[in-house]
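Please look at the sequence and the structure below before reading on. The report that follows takes up a few residues and the places where they sit.

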Amino acid sequence: DLNGNAVPDIAVGNGFGDTVSILHGPQFDPTKRIALDIGGPAIAIAAEDLDDDSFDDLVALTSSSLLTVFLQDAGAPNSMRALPRQTVLDAPSAMA
């Protein structure tokens with residue numbers, strides 16, 4: 001759930017773009033997607049509550065070694081706040 005409404009959502013890493021798209025359930029309407037800039041083609045994404053606020057956050061890893069963390073803003077539904085990007089190991093291929 002990436003917008004705080006207790007309904008599952010889908011996050012899609014765009015391998016030919018510089019974004020991760022969020023499709024909110026239950027309709028998953030691509031015309032209403034939210035695109036988050038990650039700075040390069042996505043190779044891995046993960047959702048988890050990283051800041052213990054009971055809301056899932058999103059992490060994206062790019063083929064250009066950039067790691068971006070998006071924290072869900074508990075006070076603003078449908079809002080994700082990007083933390084400063086970090087450069088990770090050369091040529092990453094996965095994330096756990």
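Ser65 lies in the loop between strand E5 and strand E6 (66–72), where helices (H or I, at least four residues) and strands (E, at least two) are DSSP runs, numbered from the N terminus. This is a predicted model, in which local features need pLDDT of at least 70 and side-chain atom pairs count only at pLDDT 80 or more, while totals for chains, interfaces and linings use all residues. Residues are numbered from 1 along each chain as its sequence is written, and side-chain values use heavy atoms, with hydrogens and water left out.

Ser65 has a positive phi of about 70° although it is not a glycine, and Phe28, which is not a glycine either, has a positive phi of about 55°. Most residues other than glycine have a negative phi, and most peptide bonds are trans. The peptide bond from Gly25 to Pro26, however, is cis, with omega near 5°. Pro26 has its place in the loop between E2 and strand E3 (34–37), and Phe28 is also found in the loop between E2 and E3.

The table lists relative accessible areas, for which buried means under 20%, exposed over 50%, and partly exposed in between (1.4 Å probe, protein chains only).

| Residue | Relative accessible area | Class |
|---|---|---|
| Ser65 | 6% | buried |
| Ser21 | 8% | buried |
| Phe28 | 31% | partly exposed |
| Val12 | 34% | partly exposed |

Ser21 lies in strand E2, and its side chain makes a polar contact with the side chain of Asn14 at 3.2 Å; a polar contact is a pair of N or O atoms within 3.5 Å, and within protein one must be able to donate a hydrogen and the other to accept it, while residues adjacent in sequence count only if both atoms are side-chain atoms. Not counting residues up to four places away in sequence, Ser21 touches Ile10, Ala11, Val12, Asn14, Arg33, Ile34 and Ala35, where contact means heavy atoms within 4.5 Å.

The largest nonpolar core has ten residues in all, among them Leu2, Val20, Ile22, Ala42 and Phe70; such a core is a set of buried Ala, Val, Leu, Ile, Met, Phe, Trp, Tyr and Cys residues joined through side-chain atoms within 4.5 Å. Strand E2 (19–23) and strand E5 (57–62) are the elements that give two or more residues to this core. In soluble globular proteins, nonpolar side chains tend to be buried together. Ala42, one of the core residues, touches Gly13, Asn14, Gly15, Gly17, Leu61 and Thr62, not counting residues up to four places away in sequence.
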